[in-house]
Each structure stands twice: as C-alpha cells, then as structure tokens.
Amino acid sequence: MRRKDREVTGQAEIEEILQRAQVLRIALNDGEYPYLLPVNFGFRREDGKLVLFFHSGMEGRKHQVIAADPRAAFEVDGACRLLPPTGEEGCTTGFAYESAIGQGVITLAEEGEKEELLTALLAHYGVVGKGLSPTAVAQTAVYKLTVEHITGKRREA
C-alpha cells in the first residue's frame, strides 16, 4: 500500500468498515475479462476466519463463473464524501472514504445453514425479527466467500 498513513490494519476496524458498507463488489475470473458484480451481503467469523456471504438465484452466469473458478477479489466502501477545495484551484479538492479490499474463495453454503445466513444478511441491513419463507429459502442460493487476505484504507476529513 502506497499510503501507509491511510492503512487500516486492525481486524475490528476492518469489520466496522464492513458493517457500514452497503454493497459488496465481487470480481470473478470469467476467461478473457473479469466478471464484476455488486451484491447485498453479510459477514461473520467462522473458525477464526472472516466469511462474507451473499445470496443469488439458483442459476445463471454467476453460478457458472463461480463453478469454473471459485477464487474472487472483492471490495466494499463507505463513508464517502467530497472534501471541498482548500484554495482557488480545483486540484485541492479531496475525497474522504473508507474501504476494504481482499481475496478469497467462494463456496456454496450448506442447505442447513442457508436460513441462518439469510437472516444475518437481512440483519446487516437492519431487518430483524422477520421470518423467512421455507419456499423462498429453498429457492435461494447462498454463497460464502472465505477471506484469505483483506486490507483496509481510510481518509478522514
């Protein structure tokens, strides 16, 4: 990382960034070009490892690409805002932000854990205490991205 003064290294701080983030962007290997997609997500620790999870329909390009190569890069960001110019020149404009990027491996969640993961995903967005339709759970794929490497970065105002 070029700007070490902006690096976020503590896992608790990185998880705070994840908590505030609204969208997880996943980059997958689709042959000639990367396949990039935004998804709703949740996260938790499993056996000491950070695991991000997201849902999907039961078929489609995403499933095919993950099946062919489950390795992924990902990014989240939040707390973004423009910092006005500090002088007469526009090039003194800045941007406050926080972000986390990393890599990991995607697996399909087990049927028995799908409802718990979907409930946690909804809780990430403030939806708690609502039941899930067994039919909807059965018709939903849930993926887990086990993080192998993650780093954070922040520029405050």
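A residue counts as buried when its relative accessible area is under 20%. By this cut-off glutamate 46, with a relative accessible area of 19%, is buried. The structure discussed here is a predicted model.

## Salt bridges

Side chains of opposite charge can pair when their charged atoms come close. A search of the whole structure finds 12 salt bridges. Three of them are set out below.

| Salt bridge | Closest N and O atoms |
|---|---|
| Arginine 25 with aspartate 77 | 3.2 Å |
| Glutamate 46 with lysine 144 | 3.0 Å |
| Lysine 114 with glutamate 111 | 3.3 Å |

Glutamate 46 forms its salt bridge with lysine 144. Because glutamate 46 belongs to strand β4 (residues 42–46) and lysine 144 to strand β8, this pair ties together parts that are 98 residues apart in sequence. Lysine 144 counts as buried, at 10% relative accessibility. Both residues also belong to a network of salt bridges that links Arg44, Glu46, Glu113, Glu116 and Lys144.

Arginine 25 is paired with aspartate 77. Arginine 25 is partly exposed, with a relative accessible area of 29%, and aspartate 77 is partly exposed with a relative accessible area of 29%.

The salt bridge of lysine 114 with glutamate 111 lies within helix α3 (residues 111–124), where the two residues are 3 apart and thus separated by about one helical turn. Lysine 114 counts as buried at 1% relative accessibility, whereas glutamate 111 counts as exposed at 54%.

## The aromatic pair

A pair of aromatic rings is described by the distance of the centres and the angle of the planes. The count for this structure comes to 1 aromatic pair. The pair consists of phenylalanine 54 and tyrosine 143; the ring centres are 5.5 Å apart and the planes stand at 25°, so the pair is stacked. Since phenylalanine 54 is in strand β5 (residues 49–56) and tyrosine 143 is in strand β8 (residues 141–155), the pair ties together parts that are 89 residues apart in sequence. Phenylalanine 54 counts as buried at 1% relative accessibility, and tyrosine 143 counts as buried at 6%.

## Histidine 63

Histidine 63 is found in helix α2 (residues 61–68). At 13% relative accessibility, histidine 63 counts as buried. Leaving aside residues up to four places away in sequence, histidine 63 touches Ser56, Gly57, Met58, Ala141 and Tyr143.

Definitions and conventions:
Residues are numbered from 1 along each chain as its sequence is written. This is a predicted model: local features need pLDDT of at least 70, side-chain atom pairs count only at pLDDT 80 or more; totals for chains, interfaces and linings use all residues. Side-chain values use heavy atoms; hydrogens and water are left out. Rings of Phe, Tyr and Trp (its six-membered ring) pair if their centres lie within 6.5 Å; planes under 30 degrees apart count as stacked, over 60 as edge-to-face and the rest as tilted. Helices (H or I, at least four residues) and strands (E, at least two) are DSSP runs, numbered from the N terminus. Buried means under 20% relative accessible area, exposed over 50%, partly exposed in between (1.4 Å probe, protein chains only). Contact means heavy atoms within 4.5 Å. A salt bridge is a side-chain nitrogen of Lys or Arg within 4 Å of a carboxyl oxygen of Asp or Glu.
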